[in-house]
Amino acid sequence: MSTNPGEISEITRKAFAAVDDDNNGYISYEELEACMRNVAQHLGTPEPTSDAIRQTAGALDANADGKISLEEFSVLVSDLFVAIIEAKKSD
Ligand SMILES: [Ca+2]
Ligand SMILES: [Ca+2]
């Protein structure tokens, strides 16, 4: 998998648009919750608790305005990529 910055920002934009259900340019806590529950269902893992969702939302919402911007969301995606790359290294 290639991970050049252009591709990462493209993936970030697509992922953000997928989670931003009402297309208002921000991910609300409710949209994040729906996304996390969906992902858990797809992976067959237990649904995240309300606490886990609040924690994730709070961690992403860097300026604490109650919504997650593309900029804030991109931090999560970059972290995911770093985690994937690190995991590959240890293979
Ligand atoms: Ca939204
Ligand atoms: Ca925010």
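## How α1 meets α4

α1 passes α4 in a right-handed crossing, where right-handed means the near helix is turned clockwise from the far one by less than a right angle, and left-handed means anticlockwise. Helices here are DSSP runs of H or I with at least four residues, strands are runs of E with at least two, and both are numbered from the N terminus. The axes of α1 (residues 5-19) and α4 (residues 70-89) come within 10 Å and cross at roughly 120°. That makes α1 oblique to α4: under 35 degrees would be roughly parallel, over 145 roughly antiparallel, 65 to 115 roughly perpendicular, and the rest is oblique. The axes are lines fitted to C-alpha atoms over the stretch in contact, with angles from 0 to 180 degrees between N-to-C directions.

On the α1 side, I8, I11, T12, A15 and F16 make the contact, and on the α4 side L70, F73, S74, V77, S78 and F81 do. Contact means C-beta atoms, placed from the backbone, within 7 Å. The residues split into 8 nonpolar, 3 polar and no charged.

## About the model

This is a predicted model, where local features need pLDDT of at least 70 and side-chain atom pairs count only at pLDDT 80 or more, while totals for chains, interfaces and linings use all residues. Residues are numbered from 1 along each chain as its sequence is written, with chains lettered from A and ligands numbered from 1 in the order in which they are written.

## The α2 and α3 pair

Helix α2 (residues 29-43) and helix α3 (residues 50-60) have axes that come within 10 Å and cross at roughly 125°, which makes α2 oblique to α3. This crossing is right-handed. Y29, L32, E33 and M36 of α2 touch I53, T56 and A57 of α3, and the tally is 5 nonpolar, 1 polar and 1 charged.

## Core and overall layout

The largest nonpolar core has 6 residues: F16, I27, L32, A57, I68 and F73. Such a core is a set of buried Ala, Val, Leu, Ile, Met, Phe, Trp, Tyr and Cys residues joined through C-beta atoms within 7 Å. Buried means 20 or more other C-beta atoms within 10 Å of a residue's own (12 or fewer is exposed, in between is partly exposed), with C-beta atoms placed from the backbone. Setting aside neighbours within four places in sequence, I68 contacts Y26, I27, L32, L60, D61 and F73.

Zooming out, the protein chain has 4 helices and 2 strands, running α-β-α-α-β-α from the N terminus. Of its 91 residues, 9% count as buried.

Key
Two residues are in contact if their C-beta atoms, placed from the backbone, lie within 7 Å. Ala, Val, Leu, Ile, Met, Phe, Trp, Tyr, Cys and Pro count as nonpolar, Asp, Glu, Lys and Arg as charged, and the others, Gly among them, as polar.
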